[in-house]
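Here are my notes on the structure you sent. They are written for someone who has not looked at the model before.

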Amino acid sequence: MARRRSAWSLGAIECVLLAGLGCTPLAAQTVELGPPPIAPGYSIPKQTQRRLATAPSAGAGWFETSSRELVRYFYASMLVGTRTEAMNWTGSVTGCNPGTTSQAYRDAVASRINWFRGMAGVPAGIVLDPALNSKSQDAALMMSANRQLSHNPPTSWACYTAAGAEAASRSNLCYWYGPFDDPGCIEAYMDDAGAKNSAVDHRRWLLNPQTEVMATGDVAETGSWPNRR
């Protein structure tokens, strides 16, 4: 997802679907809708406060969406509350150092994925795998170093690694111009705007119910791309 701005950052979200790479389909579950929600006031009722105290975490697999208060709470904390999390990238294109991002940033990426999955009614227990994060960092660095996005990067690319190429082949890819407020480009993937994205593949990858493990690789601004779109 590209935006016409003066600065940019790049991210790769890897959706791991193969059992050999650590993905196990969730067991089938039955979900029934309760009564329609009642519009809340500006304060959270005590009954809802008690429900919040025992509300399922993302790891529990499913979100309680029958309560508007709960939905509003999760929206504020998991989506809006994570928009400004600093990347704190430690790498450098010079020397082909993929570096890492902060744990808080990676947690924000996972939180944002799980918010959209939970609101879509699919299991919201996505976790990020450290080993796969490392591969995704290689992929993001490759895109940054070569100023291109590719799911099949050639071996001639600067900073090429086989691990990065593997991650690129099974990742959503994005670059972003301007002030960055979408860790992992998750909102951009969910919007999936543009004529080339009519099949909303990026969104479908994030919402695939069988996926349990993902990874993220993110690189901060390192210069301007020659062909901004």
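Which side chains does a polar contact of 2.9 Å join? The points below begin with that pair; note that the model is a predicted one.

1. The side chains joined by the 2.9 Å polar contact are those of Asp182 and Arg112. Asp182 lies in the loop that runs between β3 (171–177) and α6 (186–191).

2. Asp182 has a relative accessible area of 1%. Buried means under 20%, so Asp182 is buried. Apart from neighbours within four places in sequence, Asp182 has contacts with Arg83, Arg112, Trp176, Glu187 and Ala188.

3. Helix α3 covers residues 103–120, 18 residues in total. From the first C-alpha of α3 to the last is 26 Å, close to the 26 Å expected at 1.5 Å a residue. Of its 18 residues, 13 are buried, so α3 is largely enclosed by the rest of the structure. Just after α3 comes Gly121, which takes a positive phi of about 85°.

4. Helix α2 is made of 12 residues, 68–79. The reach of α2 from first C-alpha to last is 16 Å, close to the 16 Å expected at 1.5 Å a residue. The buried residues in α2 are Glu69, Leu70, Phe74, Met78 and Leu79.

5. How do the axes of helix α4 and helix α5 cross? The axis of α4 (residues 130–146) and that of α5 (residues 162–169) come within 7 Å and cross at roughly 90°. The two helices are therefore roughly perpendicular. On the α4 side the contact is made by Lys135, Ser136, Asp138, Ala139, Met142 and Met143. On the α5 side it is made by Ala163, Gly164, Ala165, Glu166, Ala167 and Ala168. Sorted by class, the contact of α4 with α5 has 7 nonpolar, 2 polar and 3 charged residues.

6. Is Gln148, in the loop between α4 and α5, buried or partly exposed? The relative accessibility of Gln148 is 41%, so Gln148 counts as partly exposed. Gln148 and Cys174 are 26 residues apart in sequence, and their C-alpha atoms are 9.9 Å apart in space.

7. The Asp182 loop is between β3 and α6, and the Gln148 loop is between α4 and α5.

Note on methods
Residues are numbered from 1 along each chain as its sequence is written. This is a predicted model: local features need pLDDT of at least 70, side-chain atom pairs count only at pLDDT 80 or more; totals for chains, interfaces and linings use all residues. Side-chain values use heavy atoms; hydrogens and water are left out. Helices (H or I, at least four residues) and strands (E, at least two) are DSSP runs, numbered from the N terminus. The expected span of a helix is 1.5 Å times one less than its number of residues. Buried means under 20% relative accessible area, exposed over 50%, partly exposed in between (1.4 Å probe, protein chains only). A polar contact is a pair of N or O atoms within 3.5 Å; within protein, one must be able to donate a hydrogen and the other to accept it, and residues adjacent in sequence count only if both atoms are side-chain atoms. Contact means heavy atoms within 4.5 Å. Axes are lines fitted to C-alpha atoms, for helices over the stretch in contact, and angles run from 0 to 180 degrees between N-to-C directions. Angles under 35 degrees count as roughly parallel, over 145 as roughly antiparallel, 65 to 115 as roughly perpendicular and the rest as oblique. Ala, Val, Leu, Ile, Met, Phe, Trp, Tyr, Cys and Pro count as nonpolar, Asp, Glu, Lys and Arg as charged, and the others, Gly among them, as polar.
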